[in-house]
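Biologist: Please take me through a few features of this model. I would like the general idea each time, then the case at hand.

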Amino acid sequence: MKLVNSSWLVVHGKKTCKAVKTINHQLSTTNYPGQILVFGLIFIAVVLILTASLFGRTADLLRFGSGSVTGEEANSLSEAGIERALWQLNQTAGAYSGETNTALGTTGTFTVTVANKSSNLKTVTATGYVPNATSPKNKRVIKLDVGIDNTIIEFNYAVQVGTGGVDMENSATITGTVYSNKTGAGSISGTGSSRIVGNAYAVGTITTPDPTVTGTKHQNQTASQMPTLDYQYWQDAATAGGITNCTGTCSISSGSPNLGPQKYIGNLTLSNTATAIMNGPIYVTGDVTIQNSASLKLNNSFGSSGSVLIVGGKIVTANSGGFTPTSSSPKGYILVATTSTASDAVKIQNSGVNAIFYALDGGSELSNSAQVTALVSKSMLIKNSASLTYDSGLASAQFTTGPGGSWQIIKGTYKYSN
């Protein structure tokens with residue numbers, strides 16, 4: 001090993017050069033036993049330090065990964081607890097109070113508590129544990145408020161029609177206010193001792209002498225805004241209860257079966273002495289026919305709230321078939337709505353009783369002692385002593401997806417913690 005470059009020493013004289021050469025020679029010929037061993041030990045120590053550091057980082061990564069997995073599992077368990085609580089609240093009309101250490105497969109458990117804030121508002125807390133609550137590796141807590149969902153639809157008039165107008169014949173009677181958006185002559189027309197017991201509003205004109213109007217005639221009015229209905233919301237609410245394929249027509253001819261929430265693919269017919277109990281929204285893709293003293297009755301548990309029957313085809317009642325509201329005061333009514341565009345999308349005859357009918361894009365026909373509570377349609381023909389008697393409580397009618405209301409998560413209340 002040479003410590004000095006001899007070329008540099010040339011400039012400093014011969015004596016210096018000779019002395020340095022001698023030192024270099026002695027160093028190069030000197031033997032240091034164990035020197036390689038020292039360097040080897042140092043190298044091994046460095047490798048061990050680097051390896052230990054690598055293993056430490058790997059262990060941290062594994063712990064982090066394991067914690068992330070169990071954290072996601074605990075979160076899924078707490079979300080399952082929330083879903084369970086909503087389902088139980090809707091099944092028990094709000095009587096559910098929670099549960100403890102419910103196992104979900106082999107993943108872990110969840111615990112649910114329900115605290116009442118008011119009759120229509122509750123706080124639900126769901127805690128998920130992995131693998132259990134006694135010695136959890138991880139846990140997650142979700143806390144939120146749930147409330148009863150009620151949709152308010154305002155039916156301000158006994159009859160409200162669109163551009164097709166109102167045609168009254170042969171002693172037909174409407175008790176309540178009538179509003180017609182038809183322009184021109186005969187916006188509201190009548191013959192044969194027909195009458196309106198109340199006020200009549202028309203964008204066009206009202207014929208004389210019939211219908212007789214006991215209140216005030218208001219002609220050449222501006223068009224009124226028709227009540228709106230969220231078809232998709234009610235269709236989805238019905239479908240959430242399950243789907244029945246009718247393979248043509250589902251027929252119910254006896255007994256008191258529970259119907260809804262449910263979607264029926266095809267037609268639905270109630271006949272003979274059947275008295276079906278409506279427990280939630282119903283969506284029928286085809287026609288609905290109720291005849292021969294059969295009835296669709298809204299479950300009394302709805303109280304003063306109603307529910308909705310959505311029909312893709314026509315609605316027909318005949319031979320004393322009809323609908324029955326709740327016995328509460330005020331009553332809860334069935335809102336029977338159709339998306340049909342036919343001129344007879346709603347056909348009520350022979351005592352089709354006590355429901356609200358909605359055919360915004362189609363026409364309605366009432367005949368032969370038919371009785372209806374309120375009606376909204378594109379056009380209306382009422383004849384042969386048929387009657388329509390408005391319930392004043394429908395000015396702010398409430399409709400819900402289940403008895404006592406449907407419990408749903410209130411937006412903005414979701415809170416998450418470990």
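Biologist: In which helix does L41 lie?

Modeller: Helices are DSSP runs of H or I with at least four residues, strands are runs of E with at least two, and both are numbered from the N terminus. L41 lies in helix 3, residues 35-91. The model is predicted, so local features need pLDDT of at least 70 and side-chain atom pairs count only at pLDDT 80 or more, while totals for chains, interfaces and linings use all residues. Residues are numbered from 1 along each chain as its sequence is written, and side-chain values use heavy atoms, with hydrogens and water left out.

Biologist: Is L41 buried or exposed?

Modeller: Buried means under 20% relative accessible area, exposed over 50%, and partly exposed in between, with a 1.4 Å probe and protein chains only. L41 counts as exposed because its relative accessibility is 51%.

Biologist: Which residues make the nonpolar surface patch with L41?

Modeller: A patch takes residues with over 30% relative accessible area and no salt bridge; nonpolar side chains (Val, Leu, Ile, Met, Phe, Trp, Tyr) are joined within 5 Å, like charges within 9 Å. Areas come from the Shrake-Rupley method with a 1.4 Å probe, and for residues only the protein chains shown count as cover. Here L37, L41, F43, I44, V47 and L48 make a nonpolar patch of about 610 Å².

Biologist: How many salt bridges does the structure hold?

Modeller: Side chains of opposite charge can pair when their charged atoms come close. The criterion is a side-chain nitrogen of Lys or Arg within 4 Å of a carboxyl oxygen of Asp or Glu. The structure holds three. In one of them, R84 pairs with E99, with the closest N and O atoms 3.0 Å apart. R84 is in helix 3 and E99 in strand 1 (residues 98-104), so the bridge ties together parts 15 residues apart in sequence. R84 is partly exposed at 33%, whereas E99 is buried at 15%.

Biologist: What is the N to O distance between K117 and D145?

Modeller: The distance is 3.2 Å, and their side chains meet in a salt bridge. K117 belongs to strand 2 (residues 108-118) and D145 to strand 4 (residues 138-149), so far as sequence goes 28 residues apart. K117 is exposed at 51%; D145 is buried at 13%.

Biologist: Where do K314 and D344 lie?

Modeller: K314 lies in the loop between strand 21 (307-311) and strand 22 (315-318), and D344 in the loop between strand 24 (334-338) and strand 25 (346-349). Their salt bridge has its closest N and O atoms 3.0 Å apart.
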